[in-house]
Amino acid sequence: MKSISRRTGSPQSPQERTWRRVFFYLSAVMGALATVDFDAGRLVHGLGDAGVACLLLSLMAQFPFVQAIVRADAHARSREELQREMEKLRAAQPWADRVSAAGWTLLLASLILRAAGVA
């Protein structure tokens, strides 16, 4: 039985399943690295790794958007069409924007702390 995508109810393509698996496993690795950093007392490095893990998780949901951009170049779709499709995808998976924002915040905090000499 094929897995069903929550965003549209349609079956996921093999490429999308591969995309999601790769980013899920990469985010798990980065989450594990963040845990090791936190346990070792390296707070700043742990924040950066946790931020990257969040960004990788948010990328799981963005395969349709990336695919739409690639298809737009091949089919010369209008900018308005791409924006409508992007908004539809964002509405279907609002968690991706929140996780992405958290990831960027953690990553930026890590970079600021590293620049300030806290390491």
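A pocket, as the word is used here, is an open set of grid points where a 1.4 Å probe fits, with protein on both sides within 12 Å along at least five of seven lines, and its lining residues are those that have an atom within 4 Å of a point. The model described here is predicted, and its chain holds 5 helices and 0 strands. The mean pLDDT of the chain is 84, with 86% of the residues reaching 70 or more.

**Overall build and confidence**

- Read from the N terminus on, the elements of the chain follow the order α-α-α-α-α, and buried residues make up 29% of the 119 residues.
- Among the contacts in the chain with a separation of 6 or more, 64% are between residues 24 or more positions apart.

**The largest nonpolar core**

- Five residues, namely Phe23, Met30, Ala53, Leu56 and Met60, form the largest nonpolar core of the model.
- Helices α1 (14-39) and α2 each supply at least two residues of this core, and α2 gives the most to it, with 3 residues.
- Phe23, a member of this core, is in contact with Leu56, Leu59 and Met60 once its neighbours within four places in sequence are left aside.
- As a general background to such a grouping, nonpolar side chains in soluble globular proteins tend to be buried together.

**The second largest pocket**

- The second largest pocket contains about 160 Å³ of space, and its lining is made up of Ala61, Gln62, Phe65, Met86, Leu89, Arg90, Gln93, Ala96 and Asp97.
- Helices α4 (79-92) and α5 (94-115) each supply at least two residues of that lining, and the largest share, 3 residues, comes from α4.
- Sorted by class, the lining of the second largest pocket has 5 nonpolar, 2 polar and 2 charged residues.

**Leu89 in the pocket lining**

- Leu89, one of the residues lining the second largest pocket, lies in helix α4.
- Leu89 counts as buried because its relative accessible area is 16%, and the cut-off for a buried residue is under 20%.
- Leu89 and Gln62, which both belong to the lining of the second largest pocket, are 27 residues apart in sequence and 8.1 Å apart in space, C-alpha to C-alpha.

Notes
Residues are numbered from 1 along each chain as its sequence is written. This is a predicted model: local features need pLDDT of at least 70, side-chain atom pairs count only at pLDDT 80 or more; totals for chains, interfaces and linings use all residues. Side-chain values use heavy atoms; hydrogens and water are left out. On a 1 Å grid over the protein atoms alone, a cavity is a set of points where a 1.4 Å probe fits but cannot get out, and a pocket is an open set with protein on both sides within 12 Å along at least five of seven lines; lining residues have an atom within 4 Å of a point. Grid points are joined across faces, edges and corners, and a volume is the space filled by probe spheres set on the points. Helices (H or I, at least four residues) and strands (E, at least two) are DSSP runs, numbered from the N terminus. Ala, Val, Leu, Ile, Met, Phe, Trp, Tyr, Cys and Pro count as nonpolar, Asp, Glu, Lys and Arg as charged, and the others, Gly among them, as polar. Buried means under 20% relative accessible area, exposed over 50%, partly exposed in between (1.4 Å probe, protein chains only). pLDDT is the predictor's confidence in each residue, from 0 to 100. A nonpolar core is a set of buried Ala, Val, Leu, Ile, Met, Phe, Trp, Tyr and Cys residues joined through side-chain atoms within 4.5 Å. Contact means heavy atoms within 4.5 Å.
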